[in-house]
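Work through the exercises below with the sequence and the structure in view. Each task is followed by a solution in steps.

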Amino acid sequence: MTKTPPHTDPRVLRTRQLLREAVIDLMEEMSIEKITVNRIAERAKINRVTFYLHYRDIPDMMEKMADDMAEDVLQVVSGYMGNAEAAEGEQWPMLERLLTHIAENAKFYKIVLTSRKSTIFTDRLFRLMADIISTRVERRLATRNASEVTVQKDIAVWYGSAALIGTIIAWLREDMPYSPQYLAKQITSLRSS
């Protein structure tokens with residue numbers, strides 16, 4: 001039986017959303033080192049004490065935002081992860097869903113993934129993609145002879161994760177010149193060529 005999460009007060013959710021939006025706006029304007037709790041509270045139009053009701057400090061807030069991002073990404077791709085046909089057949093629908101999600105939240109992803117000062121989001125996404133790709137590689141290896149395998153699993157996972165995240169970051173930096181659908185098909189074509 002699945003355990004349902006406790007209901008969170010909508011005011012708490014709203015306050016956390018205001019705080020996240022304030023941090024993203026501030027990260028767009030200045031480096032993360034210059035952001036203070038006072039600046040976040042002022043931007044969110046809340047009391048500084050309210051910030052501390054939700055987070056210990058700015059690093060704690062960033063950790064929780066990264067956790068939320070990873071959870072969102074996992075939700076977006078989870079429908080395809082267990083699908084064996086998607087694993088062996090066309091993979092671009094899962095990738096398209098991921099890229100569409102990123103495009104719909106472009107401001108957030110562009111700021112957090114392209115920041116060189118705060119790598120927590122990129123690192124978290126890398127680990128998540130590595131887990132997803134690792135599962136796919138293991139599934140493929142299970143259907144092949146050991147003599148057919150020419151690339152070590154960990155190298156394939158590192159390469160796949162880094163290439164995908166690097167492509168997403170470049171796409172965001174260039175203001176998404178391609179649709180999520182087109183980019184997903186192109187990435188999938190690269191993997192199969």
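Predicted model: local features only at pLDDT ≥ 70, side-chain atom pairs only at ≥ 80, totals over all residues.

Residues are numbered from 1 along each chain as its sequence is written, and side-chain values use heavy atoms, with hydrogens and water left out.

**Exercise 1.** Describe how the axes of H1 and H2 cross.

Solution. Helices are DSSP runs of H or I with at least four residues, numbered from the N terminus. H1 spans residues 10-29 and H2 residues 37-44. Their axes (lines fitted to C-alpha atoms over the stretch in contact, with angles from 0 to 180 degrees between N-to-C directions) come within 8 Å and cross at roughly 115°. H1 and H2 are therefore roughly perpendicular, a term for angles of 65 to 115 degrees.

Next, list the contact, meaning heavy atoms within 4.5 Å. H1 contributes Leu 18, Leu 19, Ala 22, Val 23, Asp 25, Leu 26 and Glu 29, while H2 contributes Arg 39, Ile 40, Arg 43 and Ala 44.

**Exercise 2.** Find the salt bridge of Glu 29 and Arg 43.

Solution. Apply the rule: a side-chain nitrogen of Lys or Arg within 4 Å of a carboxyl oxygen of Asp or Glu.

**Exercise 3.** Inspect residues 155-172.

Solution. An unreviewed UniProt entry annotates residues 155-172 as "transmembrane region"; such annotations may be inferred rather than shown by experiment. In the model this stretch is 100% helix and 0% strand, with its end C-alpha atoms 26 Å apart; strands are DSSP runs of E with at least two residues.

Notes:
Parallel < 35°, antiparallel > 145°, perpendicular 65-115°, else oblique.
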